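Here is a short note to read beside the model. Please keep the sequence and the 3D view open as you go through the points.

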Amino acid sequence: MSWWPFDNKTPNQQPFVKDYLTKVNVSIPEIRSLDQLSFVVLDTETTGLNPSVDHILSFGAVKIEDQMIQISTGVEWYLKSSKKDFKTIPVHGLIGNEEAVPLEQFAKRVLEYFENNILVGHHLGFDLEMLEKALKPFGLDKIQNKCIDTMSLAIRLDHGLMADRNYIDFKDYSLDSLCQRYDIKTDDRHTAGGDAFLTANLLLKLLKAAQKKGIMNWGTLRK
């Protein structure tokens with residue numbers, strides 16, 4: 001198997017993928033209150049922004065339970081790469097990391113970590129697309145967890161569910177802008193683990209704001 005096997009055909013599901021699908025195939029009751037929800041807040045650092053040609057370099061995440069960041073659950077994993085010439089190297093310094101793991105080990109760790117938690121990220125769709133590219137060689141086309149994007153949640157809280165995005169100034173909803181607005185210190189920015197931790201802090205602030213607007217359970221949060 002090459003470092004990044006990729007074609008249009010999804011291979012047979014590996015046992016760890018089947019285990020994940022069993023765990024994630026449990027519905028979350030809509031009446032479950034926000035403080036009873038469990039989240040995995042994640043971020044990836046990549047070789048670029050084009051999922052068709054770029055790859056994950058690192059994955060950072062932390063879990064939230066009982067509306068508290070569970071610091072001991074924080075992870076930052078590096079994916080082994082044979083690539084040497086990506087322009088992101090000076091920024092991230094990740095290629096050649098001695099702790100980097102092969103793709104299959106990386107995929108196992110990620111799915112075991114996800115379990116049936118709600119996945120959260122800022123511009124989460126990009127991270128999921130990159131992760132699905134990494135998981136496809138092992139038989140998983142689509143990540144099945146429920147998801148919340150902090151940028152979309154912040155826009156909803158400001159403009160309502162039916163906001164016309166043509167009139168939204170997205171600069172106001174960047175991770176940096178929202179952290180500034182919600183008084184979150186942006187130390188350790190631009191690492192996967194650091195950005196996941198910042199996004200986790202942002203999520204807690206947004207959940208408090210959501211509760212003030214009457215969003216009290218999973219059924220109303222997921223709309």
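**Notes on contacts, salt bridges and a pocket**

1. Start with D43. Setting aside neighbours within four places in sequence, D43 is in contact with S58, F59, G60, D127, T191, A192, D195 and A196. D43 sits in strand 1, residues 39–46. Its relative accessible area is 12%. That is under 20%, so D43 counts as buried. Bear in mind that this is a predicted model.

2. Next, the salt bridges. The count comes to five. One of them joins the side chains of K63 and E115, at 3.9 Å from N to O. K63 is in strand 2 (56–65), and E115 is in the loop between helix 3 (103–114) and strand 4 (118–121), so the pair ties together parts 52 residues apart in sequence. K63 is buried at 13% relative accessible area, whereas E115 is partly exposed at 34%.

3. Now look at D158 and R181. They form a salt bridge, with the closest N and O atoms 3.0 Å apart. This pair links distant parts of the chain: D158 is in helix 5 and R181 is in helix 6 (175–181), 23 residues apart. D158 is partly exposed, at 37%. R181 is partly exposed too, at 40%.

4. Last, the second largest pocket. Its volume is about 190 Å³. It has 14 lining residues, and the closest to its centre are S152, L153, R156, R165 and K223. Which element gives the most to the lining? Helix 5 does, with four residues. By class, the lining has seven nonpolar, two polar and five charged residues.

Technical notes: Residues numbered from 1 in each chain as written. Predicted model: local features only at pLDDT ≥ 70, side-chain atom pairs only at ≥ 80, totals over all residues. Heavy atoms only, no water. 1 Å grid on protein atoms, 1.4 Å probe; cavity = no way out; pocket = protein on both sides within 12 Å on 5 of 7 lines; lining within 4 Å. Points joined across faces, edges and corners; volume = space filled by probe spheres on them. Helix = DSSP H or I, 4+ residues; strand = E, 2+ residues; numbered from the N terminus. Nonpolar A, V, L, I, M, F, W, Y, C, P; charged D, E, K, R; others polar. Buried < 20%, exposed > 50% of the residue type's maximum accessible area, 1.4 Å probe, protein only. Contact = heavy atoms within 4.5 Å. Salt bridge = Lys/Arg side-chain N within 4 Å of Asp/Glu carboxyl O.
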